[in-house]
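Subject: Structure handover

Hello,

Please find below the structure I said I would pass on. My notes on what was found in it follow.

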Amino acid sequence: MKTNKIRTRYAPSPTGFFHIGGARTALFNYLFAKHHNGTFVCRIEDTDVERNVDGGIASQLDSLDWLKITPDESPRHPGAFAPYVQTQKLQRYQELAHQLLKEQKAYYCFCTKEQLQKQRETAMQCGVTPKYNRRCLQLSDQEIQDNLKNKIPAVIRLKMPDNVEIKWQDLIRGELVVPTSALTDPVILKSNGIPMYNFAVVVDDYDMQITHILRGEEHISNTPYQIAIKEALGFHQQAVQYGHLSIIVDETGKKLSKRNSTLKQFVEDYKKMGFLPEAIINFLSLLGWSSKSNTEIMSQEQIVESFDIDRISKAPAYFDFQKLLWIGNQYMKKMEDKTYLSFIKPFLKLDSSSFISTEAFEMGQLIFKPQLSYAAQINELLTHTFLTTDFKNIPLALKDLVYSDNFQKCLRVFKQVLETYSEMTIFHAQEIVDRVKQQTQFRGKDLYLPIRFAAIGKEHGPEMHKILFIVGKTQILRNLDLLIKS
């Protein structure tokens, strides 16, 4: 089955959870495919069985779905090129490796780990790049058959071509050239029949008719091996184009890594914090790419439409957490109130019992909507603003202010006015402030600071009439009794 459509892929190993770097790689492959009306594929490279973690595959696929970059083909949605999990096609790799043996493009290697280590140490002592010395390439057919008969463990190595240059036109970095003299004969099949990464990935890309591969720059060193394997297998009719993305660096300029970064590493961390997936997508799209208009806030549809591979930078991409917060805030502010309340609900550690009513609790959530970057922030804001003030112990720095004549006058008038109301509605709240203003003739800070302080014990805070409604008449009167000097 052949296709002229662009087909990209994201091919994670389930050796860990969905890393930010992997998410950026998946996104760029998705954007490139969708910009050209192509197909985005996700396959699982799980042949490193010992390092696979429970839940690793689910984490990858669930996170892709959450980010709304769902693959067109995957283990969950298999297409015409199944299977999409490497361990389900071991026979295919083994057959092709043995085909290369028959064609004398590959050979058995019986060297032990100890022998290989000794070769490496000798090379390093001589100041040359360590590479396999082709000892087993010199074995006779009889020696090979005797070793196999005696069940001596053997890997299969590809015989790299001698004294040639492997070139490719990188989609991001231009022409790259690697001489085969700098390369070794790579193992393509381990002694247990499991393929090595560089071999399996070439077979998979061919079988799934992948046309374009965007991946991290750490894979540049793999590319010449993959091109050589592709040539040896005779996969000439498939023209694959490679593009290598820059690394993502943290605030120290080091590669984003759990070893040296204070930043969270995994998409699930940001999901648990309550970032909107749209905000994460928008942020990731700007890690090494920019639109022609330099617009920063874009919907996924707009990013797909604008995505131009020529605008991907070779320079390291800085993971600016402050920018992520800003982008998250832009999306949060755009949400309709009903949608917003529904979105943050799972992240709330407080409930309406901490407030005078359900309406007051909801208003408390809504007044902080313009400030939120992610949902879990609501807990700290609500708690700090409404639930932590000790009116019995006024900070020393504020006592002179609170006990000043004008401040006390405003508090007394505020109490008198408040006591004339049987309840505090949102409409009453504004009316109460207006009456205090009229009776005191105070304006600005002289009016609003005492009233706000009596409600929440803070010099600054949200809109006055809203905080009065949220705190309620009864609690404010209690506060006033503690604040007014007898």
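Lys68 has a relative accessibility of 44%, so it counts as partly exposed. Please keep in mind that this is a predicted model.

Lys68 sits in the loop between α2 and α3. The backbone there has a positive phi of about 65°, although Lys68 is not a glycine.

The loop between α2 and α3

Two further residues of this loop are worth a look. Glu73 is located in the loop that runs between α2 (56–66) and α3 (90–102). Is Glu73 buried or exposed? With a relative accessibility of 10%, Glu73 is buried, because the cut-off for buried is under 20%. The side chain of Glu73 makes a polar contact of 2.9 Å with the side chain of Arg7. Leaving out residues up to four places away in sequence, Glu73 touches Arg7, Thr39, Phe40, Val41, Cys42, Gly79, Phe81 and Tyr84.

Pro83 is also in the loop between α2 and α3. The peptide bond that joins Ala82 and Pro83 is cis, with omega at about 5°.

The protein as a whole

The protein has 20 helices and eleven strands. Its radius of gyration is 32 Å, whereas the globule rule gives 23 Å for 486 residues; the value is well over the rule, so the protein is more spread out than a compact globule. Along the principal axes, the C-alpha atoms fill a box of roughly 110 × 50 × 35 Å.

Of the 486 residues in the protein, 49% are buried. The exposed surface comes to about 24500 Å², and carbon and sulfur atoms supply 49% of that area. If you take the contacts between residues at least 6 apart in sequence, 75% of them join residues at least 24 apart. The protein carries 61 positive and 55 negative charges, and the mean positions of the two sets are 1 Å apart.

Arg134 lies in the loop between α4 (113–125) and α5 (141–149). Arg134 has a positive phi of about 60° and is not a glycine. At 18% relative accessibility, Arg134 counts as buried, because it is under the 20% cut-off.

His35 and its partners

His35 belongs to helix α1, which covers residues 20–35. With a relative accessibility of 31%, His35 is partly exposed. Which residues does His35 touch, not counting those up to four places away in sequence? They are Val304, Glu305 and Phe307. The side chain of His35 reaches the backbone oxygen of Val304 at 2.8 Å. As for Asn4, it is 31 residues away from His35 along the chain, and the two C-alpha atoms are separated by 15 Å.

Lys369

Lys369 is in the loop between α13 (358–367) and α14 (377–386). Its relative accessible area is 8%, so Lys369 is buried. What lies 2.3 Å from a polar atom of the side chain of Lys369? The backbone oxygen of Met335 does. Met335 is also among the residues that Lys369 touches, leaving out those up to four places away in sequence; the others are Asn329, Met332, Lys333, Glu336, Asp337 and Tyr340.

Leu483

Leu483 is found in helix α20, residues 473–483. Leu483 has a relative accessible area of 0% and is therefore buried. Apart from its neighbours within four places in sequence, Leu483 is in contact with Phe391, Ile394, Val402, Tyr403, Gln408, Leu411, Phe453 and Ala454. Tyr403 is 80 residues away from Leu483 along the chain, yet their C-alpha atoms are separated by 8.2 Å.

Regards

Terms used:
Residues are numbered from 1 along each chain as its sequence is written. This is a predicted model: local features need pLDDT of at least 70, side-chain atom pairs count only at pLDDT 80 or more; totals for chains, interfaces and linings use all residues. Side-chain values use heavy atoms; hydrogens and water are left out. Helices (H or I, at least four residues) and strands (E, at least two) are DSSP runs, numbered from the N terminus. The radius of gyration is taken over C-alpha atoms; the globule rule is 2.2 Å times the number of residues to the power 0.38. Buried means under 20% relative accessible area, exposed over 50%, partly exposed in between (1.4 Å probe, protein chains only). Contact means heavy atoms within 4.5 Å. Accessible areas come from the Shrake-Rupley method with a 1.4 Å probe; for residues, only the protein chains shown count as cover. Lys and Arg count as positive and Asp and Glu as negative; His and the chain ends are not counted. The place of a charge is taken as NZ of Lys, CZ of Arg, CG of Asp or CD of Glu. A polar contact is a pair of N or O atoms within 3.5 Å; within protein, one must be able to donate a hydrogen and the other to accept it, and residues adjacent in sequence count only if both atoms are side-chain atoms.
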